Amino acid sequence: MPQISQPAPAFTLPSTDGGEVSLSDFKGRPVVLFFYPRDNTSGCTKEAQGFSELRADFEAAGAAVFGISKDSMSSHEKFVTKRELTVPLLSDEHGSACEDYGVWQEKAMYGKKYMGIVRSTFLIAAGGTIARIWEKVKVPGHVEEVLEAVRAL
C-alpha cells in the first residue's frame, strides 16, 4: 500500500463516463479514489450514493471523485443506472490498480478465507502524492469526512 506523501500509483482504467481515465489526466487537481468490494451490495451502494450526492461539493472544492472495483464495465453501468449514481466508476477487472494501492487483501467470512477488496479511500493531492488514506472504511459519515479533508488541502 502506498504511504502518505508518496507518489500515487498511476493507472488508466475504463470509466462509466466513457473512454478511459488516467490519474495523470488530473495533475494539478486533488483526486479521491474510493475502492469498494462489489457493485449493488448494501455498503457499496450506500458509499457510491453518498459520493454521488456530494459530487457537486467535491467539484466545488476542486476534486475529482472515482469509485473503483474489479466489477466489469457492464456491471458498473447497470449499477450506475439502477442506483442513479453520478460519480464515475472505474473497472479494474485485472486488478492492477487494486494491487498497486494495496487494497486486494485476504479477507475472512464465516471461517472461510478469500481474496477481496478491502474498502479503502485515497485522497491524492494536486501534486500527485497521497495526502490521506482511509483503510477498512465504515460507510456512515465517511463521505463527509473525505470532503472535509479535501477542503483542508
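Where does Arg119 lie? Arg119 sits in the loop between strand E7 (112–117) and E8.

## About the model

This is a predicted model, so local features need pLDDT of at least 70 and side-chain atom pairs count only at pLDDT 80 or more, while totals for chains, interfaces and linings use all residues. Residues are numbered from 1 along each chain as its sequence is written, and side-chain values use heavy atoms, with hydrogens and water left out.

## The sheet

Five strands make an open sheet with mixed pairing, in the order E5-E4-E3-E8-E9. Strands here are DSSP runs of E with at least two residues, helices are runs of H or I with at least four, and both are numbered from the N terminus. Two strands pair if DSSP finds at least two bridges between them. At the edges are strand E5 (89–91) and strand E9 (130–134), each pairing on one side only. From one strand to the next, the twist averages 20°.

Strand E8 (residues 120–124) runs antiparallel to E9, and four bridges join them. Thr121 stands opposite Trp134, and Ile124 has Ile130 as its bridge partner. The hairpin has five residues between the strands, and there Gly128 takes a positive phi near 95°.

## Helices on the sheet

Helix H1 (residues 42–53) packs on the sheet, where it touches strand E3 (31–35), strand E4 (64–69) and E8. The direction of H1 makes about 165° with that of E3. Helix H3 (residues 73–83) lies across E4 and E5, and runs at about 165° to E5. Angles like these run from 0 to 180 degrees between N-to-C directions, with axes fitted to C-alpha atoms (for helices, over the stretch in contact).

## H1 meets H5

The axes of H1 and helix H5 (residues 142–152) come within 9 Å and cross at roughly 40°. That makes H1 oblique to H5 (under 35 degrees is roughly parallel, over 145 roughly antiparallel, 65 to 115 roughly perpendicular, and the rest oblique).

On the H1 side, Glu47, Gly50 and Phe51 meet His142, Val143 and Val146 of H5; contact means heavy atoms within 4.5 Å.

## Back to Arg119

Arg119 counts as buried because its relative accessibility is 15% (buried is under 20% relative accessible area, exposed over 50%, partly exposed in between, with a 1.4 Å probe and protein chains only). Leaving aside neighbours within four places in sequence, the contacts of Arg119 include Phe35, Tyr36, Cys44, Glu47 and Trp134. Two of these names have come up already: Glu47 also meets H5, and Trp134 stands opposite Thr121.
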